[in-house]
Amino acid sequence: MAPRAHRQTGPVHLRPFGPHALLAEVADASAALALATWARTVGIAAGEVVPAARTVLFDGLATAAVEDLRDRLLTWTPDAVAPDIAPDIVAGRPVGPVGPVGPVVEVPVVYDGADLAYIAEQWGTDVEGVVARHIGTAFTSAFCGFAPGFAYLAGLPSEPAVPRLDSPRAAVPAGAVALAGSWCGVYPTASPGGWRLLGRTDVVLWDATRTDPALLPPGTRVRFVRA
Amino acid sequence: MSLHVLASGTLTTVQDLGRPGLAHLGVPRAGALDPPAAALANRLVGNDPDAAVLEVTLGGLVVTTDVGAWVAVTGAVCPIEVDGAPRGQARPEWLAPGSRLRLGTTSSGVRSYLAVGGGIAVEPVLGSRATDTLAWVGPPRVEPGTRLPVGPLVRRPAPHDTPRPPRAGALRVHPGPRADWFVPRALTTLCGSTYEVGSASNRIGLRLEGPALERVRDGELPSEGLVLGAVQVPPDGQPVVLLADHPPTGGYPVLAVVEEADLWQCAQLRPGETVRFTPA
């Protein structure tokens, strides 16, 4: 049997990842989230669909499913998701809600982080300005990583970015709200961490005994409010 | 009934088939590192394949039971005693109430599996009883004093199981997603060299030392999803084969992916032993 010809007509570039997986490379985290959401919505038969900063990993594929998925991914376009958000994805703008729209999760924060003054300096504002910008930003959970339930929250502009610490803190407490680059995140459990600390929240980000263990799975919209 | 743990050696954990499907939430899959050995132990005592077993690192486990139980030990070779009398590996043994089962220091391999008829019945976490040692999702590590509940017997043990254990050999590798981060001969170097197992190897990864896999780019990728068996290469060029507790995402480029059926060998290689790779 002759190998099937695959032609890329969409924005997805595929990379091999062993016999049971495909790595789909896209422009940015918004497109990755849109692709992962599409895959979940149409019911792609993958054991894992893992969005990340510029990729979506499809793992746990049956051998026969790999070729089919390859075809579908190479012709996938963001308008396969929903017409109202496709232009944002193409333009690389942060995407708001994708797919089934759940309620916005509100996260109350006490803004007393050790790096507030540093962030203010990087952003060219004062501490009140930092808090106002953080509260005023509509965030979306783009993907999880680093630790169970740790969501990379998109929504801040790419500039001015806040660099990580050169050397991570040995212990960051659970509930710490922090920034790195243009990402915001909340530490679900106490761990070492190199992100800049804005404040803290009492909200439980991760509870393995809940039906939905992660509070902020990919696609969740997030608003921070003053506690 | 329950098992009472008197000693637990270097590291003993509860393992089953793991909890795949949660990588997008940052949860490692976990599960027995030598799946054929764990499956054999379960078959021998009449358990279903998804029953939980104990994974014992380098021996040193001592348990007693309050009610009689069928047990079987597979995987890494170690002396097995019940109340001081030697018993066989890879066959069902009856552990009478109050008797003491001891796994001595392993003589070859790293991880032994103890299955109990009925399975270790600790409360599942997110659909699995496996302990992940990266983020510690799942039951806590087994310590002296732990009482482990055991489930009801599903069927009688299978004393005549005649398994054909998988044969050790070179690890077969498929091309990985980031070959373009390496010099063109990197895969040839990986497959043409002998690598030594490093002492920092664990359930997260098999760390190898040998000819450096030369990169043409410095730095890290934006984090991306990782698969079981990915051969990840940090800036020092020394490969790491990712095992069951690997982080779901990472930023080091992946040169190759080890065939899943060969990964059990990574569970049994000791620091200082050598390993080779071959194209799949």
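Reader: How many helices and strands are there in chain A?

Author: Welcome! In this predicted model, chain A holds five helices and 13 strands.

Reader: What share of chain A is made up of buried residues?

Author: Of the 227 residues in chain A, 49% are buried. Each of those has a relative accessible area under 20%, because that is the cut-off for the word. As for the surface, chain A exposes about 10,100 Å², with carbon and sulfur atoms supplying 55% of it.

Reader: What makes Asp262(B) a buried residue?

Author: Let's set the value against the cut-off. Buried means under 20% relative accessible area. Asp262(B) has 7%, so Asp262(B) is buried. This residue lies in the loop between β19 (254–258) and α3 (264–268) of chain B. Leaving aside residues up to four places away in sequence, Asp262(B) touches Ala170(B), Leu171(B) and Arg172(B). To touch here is to have heavy atoms within 4.5 Å.

Reader: How do you know that β1 and β2 of chain A pair?

Author: Two strands pair if DSSP finds at least two bridges between them. Four bridges join β1(A) to β2(A), residues 22–25, and the two strands run antiparallel. That count meets the definition, so they pair.

Reader: Why are β1 and β3 of chain A called edge strands?

Author: The open sheet has four strands in the order β1-β2-β4-β3 (chain A), with antiparallel pairing. Its edge strands are β1 (13–16) and β3 (48–51), each of which pairs on one side only. On average, neighbouring strands of this sheet are turned by 20° against each other, direction ignored.

Reader: Which helices lie across strands of that sheet?

Author: Helix α1 of chain A, residues 29–42, lies across β2, β3 and β4 (55–59), at about 30° to β4(A). Helix α2 of chain A, residues 63–74, lies across β1, β2 and β4, at about 5° to β2(A).

Reader: And in chain B, which strands run around the closed barrel?

Author: The seven strands run β12-β19-β16-β17-β14-β13-β20 (chain B), with mixed pairing. From one strand to the next, the twist averages 40°.

Reader: How do you know that β13 and β20 of chain B pair?

Author: The same test applies: at least two bridges are needed. Three bridges join β13(B), residues 194–197, to β20(B), residues 274–279, and these strands run antiparallel.

Technical notes. Residues are numbered from 1 along each chain as its sequence is written. Chains are lettered from A and ligands numbered from 1 in the order in which they are written. This is a predicted model: local features need pLDDT of at least 70, side-chain atom pairs count only at pLDDT 80 or more; totals for chains, interfaces and linings use all residues. Side-chain values use heavy atoms; hydrogens and water are left out. Buried means under 20% relative accessible area, exposed over 50%, partly exposed in between (1.4 Å probe, protein chains only). Accessible areas come from the Shrake-Rupley method with a 1.4 Å probe; for residues, only the protein chains shown count as cover. Axes are lines fitted to C-alpha atoms, for helices over the stretch in contact, and angles run from 0 to 180 degrees between N-to-C directions.
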